[in-house]
Amino acid sequence: SALAASPTCPTSWLQSNPTSRYDAGPNIVEGWMLSTVLFSLLIPQAHAGKVKCPKGNAYFKEKHENNALKEQGCNYVDGSRDGPYEAYSTDGVLIVRGAYAKGQETGTWERWHANGAKKEVCEYARARKFGACNEWFDNGKPKFESEWNDGKKDGPWKLWNEEGALLEEGAFVSDMSAENEDKPHGDWTFYYPNGNKQKVATFHY
């Protein structure tokens with residue numbers, strides 16, 4: 001179907017930014033084909049209806065005991081999850097949205113707290129974190145910002161407390177030769193909750 005123009009989402013942008021098969025599950029809203037990230041900015045936690053499965057994949061859904069939708073997604077021919085995926089609380093609040101590629105998490109995954117506030121947005125490839133991964137407290141304040149490489153922290157890092165005070169900032173470098181090994185690297189700054197600087201440390205790896 002044709003893309004619908006909108007003051008907030010022009011047709012030209014949509015045509016130049018197509019979604020891929022595994023782009024965290026394309027969603028159709030008022031005729032728009034949107035990636036998960038853009039969709040969440042426009043209508044957070046909205047129930048987009050039945051997810052659209054890749055051709056040849058089977059749709060599945062499961063319900064909570066109270067008959068509310070628990071999860072929905074797509075299965076590949078061998079039974080592994082493949083395509084868009086969503087999970088909901090017993091109150092009908094969207095708590096997870098992402099996509100699988102033959103059983104492995106891929107693309108952008110979003111999670112929400114039970115109160116509907118955004119909890120986490122992370123990028124995945126082959127079931128491991130790749131790229132940006134950010135998390136928030138249920139009051140909307142940032143919890144941490146990070147970069148990942150093949151499931152390990154690798155790049156800038158910032159950590160806040162629940163009141164919104166920055167506690168530490170620095171960077172990690174991942175050791176790809178070691179299992180689950182990521183190490184602080186370069187200059188790190190640590191702060192007291194009142195904002196005063198506590199210490200500065202330099203790490204060499």
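I started with the rings and found nine aromatic pairs in the structure (Phe, Tyr or the six-membered ring of Trp, centres within 6.5 Å; planes under 30 degrees apart are stacked, over 60 edge-to-face, the rest tilted). I noted that this is a predicted model: local features need pLDDT of at least 70, side-chain atom pairs pLDDT 80 or more, while totals for chains, interfaces and linings use all residues. Residues count from 1 along each chain as its sequence is written, and side-chain values use heavy atoms, without hydrogens and water.

I looked up Y100 and W109: they pair edge-to-face, 5.2 Å centre to centre with 85° between the planes. Both Y100 and W109 are buried (under 20% relative accessible area; exposed is over 50%, partly exposed in between; 1.4 Å probe, protein chains only).

W157 and F172 are another edge-to-face pair, at 5.6 Å and 85°. W157 sits in strand 11 (residues 152-160) and F172 in strand 12 (residues 166-174), so this pair ties together parts 15 residues apart in sequence. Strands here are DSSP E runs of at least two residues, numbered from the N terminus.

Which rings join W157 in a cluster? I found F144, F172, W188, F190 and F203 linked with W157 by ring pairs.

Next I checked charges over rings (NZ of Lys or CZ of Arg within 6 Å of the ring centre and within 35 degrees of the ring normal). K153 has its charged end over F172, 5.5 Å from the ring centre, and K199 lies over the face of F190 at 5.1 Å.

Last, I looked at F130, which is in strand 9 (residues 128-136). F130 counts as partly exposed because its relative accessibility is 23%.

Notes:
Helices (H or I, at least four residues) and strands (E, at least two) are DSSP runs, numbered from the N terminus.
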